Amino acid sequence: MANLPKLDLGLPSYDSLFSTEEERQEANTEKVMTIPINKIKDFEGHPFHVTMDEDMAKLIDSIKENDMLMPALVRPKPDGTYEMISGHRRKFAMSQLGKTEMNVIIRDLDDDQATILMVDSNIQRENIYPSERGYAYKMRLEAMKHQGKKVDIDTSEIPIEYEKTTSAQVGRKPESADILGEQLGISRNQIKRFIRLTYLIEPLQEMVDGRNENEIKIAFNPAVELSYLTESEQFDLVNAIIENQRTPSLAQCQEFKRLSHDGELTADFIEDTLSEEKPNQREKLSFQMKEIDKYFPKDYTPGKKKDLMIHLLESWAKKRSREQER
């Protein structure tokens, strides 16, 4: 049987809701309850966008056909309402179907426990925007810091990574970014790069995520470099990007960063840079010689073929010009 594509229905795994064996045992004593949807508030600062996209449509269809297979996780609030920990997309889908109640597990959690569990239950989803991932990592590390863990999330300058351990890394004590990286299977510096995206203004974040109305996309590495620009410089850049319908290359972004650091980056320089055509944005015509070899004598060298093509094109252009003058 052919492998079917994975559907991201926004359902966390059982282990993501209960990260330790003790928690899983405790969960067995917790009951699933049905509560009004209007009593469930979104998690404060929830970094993940809930939108009506293809995956959401699939989730709605799944719930419509099979009901909600896994209860959401919420925590009680002093005012009698509940805060969503895991289940924002399911709540949205239920609302779209006109449901007024949903099944939940209610658990007492402090702010840091709730933040860590909220991030962990969402971060493994397949379709997450880069900026969402950055905000999630940032929240997760801040929560770890509040729990007394050593946290160093200095993103002022991210060093180059090497495949082999360098002398500067020998004896370095692991920091929380290392721990989180091990849990997620990525490097500490990559986590910090994602966090750098949180320093971008909203229009640039939308371009990195590919969710802006102009359908302009900025690649991840150039975006990290742009995060070091001041807010005013970033707005100048957005205006230039929209005006020229062109994004800066990695090298250009690095030059912007250097000039910004020296206090020499101007709106005119940004505009002039983006108004220049990048080599990879120039139109190219390519074909294989075997496609046209049949039109040349066999003893013609590539140079002779080129000269003949140019001569024929010049003759064609002159003939066309004379016809237009008549």
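Predicted model: local features only at pLDDT ≥ 70, side-chain atom pairs only at ≥ 80, totals over all residues.
Is Phe256 buried or exposed? Phe256 is buried, at 1% relative accessibility, where buried means under 20% relative accessible area, exposed over 50% and partly exposed in between (1.4 Å probe, protein chains only). Some notes on the rest follow.

1. Ground rules. Residues are numbered from 1 along each chain as its sequence is written, and side-chain values use heavy atoms, with hydrogens and water left out.

2. The overall picture. The chain has 14 helices and five strands; helices (H or I, at least four residues) and strands (E, at least two) are DSSP runs, numbered from the N terminus. Of its 326 residues, 40% count as buried. Take the contacts (heavy atoms within 4.5 Å) with a separation of 6 or more: residues 24 or more positions apart account for 75% of them. The accessible surface comes to about 20,400 Å², and 49% of that belongs to carbon and sulfur atoms; the areas come from the Shrake-Rupley method with a 1.4 Å probe, and for residues only the protein chains shown count as cover.

3. Back to Phe256. The structure holds four aromatic pairs, meaning rings of Phe, Tyr and Trp (its six-membered ring) with centres within 6.5 Å; planes under 30 degrees apart count as stacked, over 60 as edge-to-face and the rest as tilted. One of them joins Phe256 and Phe269 edge-to-face, at 6.1 Å centre to centre with 80 degrees between the planes. Phe256 sits in helix H12 and Phe269 in helix H13 (residues 267–275), 13 residues apart. Phe269 counts as partly exposed because its relative accessibility is 31%.

4. Other rings. Ring pairs also link Tyr137, Phe194 and Phe220 into a cluster. Then there are charges over rings (NZ of Lys or CZ of Arg within 6 Å of the ring centre and within 35 degrees of the ring normal). Arg196 has its charged end over the ring of Tyr199, 4.2 Å from the centre, and Lys304 does likewise with Tyr300, at 5.6 Å.

5. Helix H9. In this helix (residues 202–209), Leu204, Gln205, Met207, Val208 and Asp209 are buried. Those residues pack against helix H6 (130–146), helix H10 (220–226) and helix H11 (231–244).

6. H6 against H9. The two axes come within 7 Å and cross at roughly 115 degrees; axes are lines fitted to C-alpha atoms, for helices over the stretch in contact, and angles run from 0 to 180 degrees between N-to-C directions. That makes H6 roughly perpendicular to H9, given that under 35 degrees counts as roughly parallel, over 145 as roughly antiparallel, 65 to 115 as roughly perpendicular and the rest as oblique. Pro130, Ser131 and Tyr135 of H6 meet Gln205, Val208 and Asp209 of H9.

7. Pro130. This H6 residue is partly exposed, at 21% relative accessibility. Leaving aside neighbours within four places in sequence, Pro130 is in contact with Phe194, Leu197, Val208 and Asp209. Pro130 and Phe194 are 64 residues apart in sequence and 6.7 Å apart in space, C-alpha to C-alpha.

8. Backbone check. Most residues other than glycine have a negative phi. Asp67, in the loop between helix H3 (54–66) and strand S3 (72–76), has a positive phi near 65 degrees. Gln245, in the loop between H11 and helix H12 (250–261), has a positive phi near 50 degrees.
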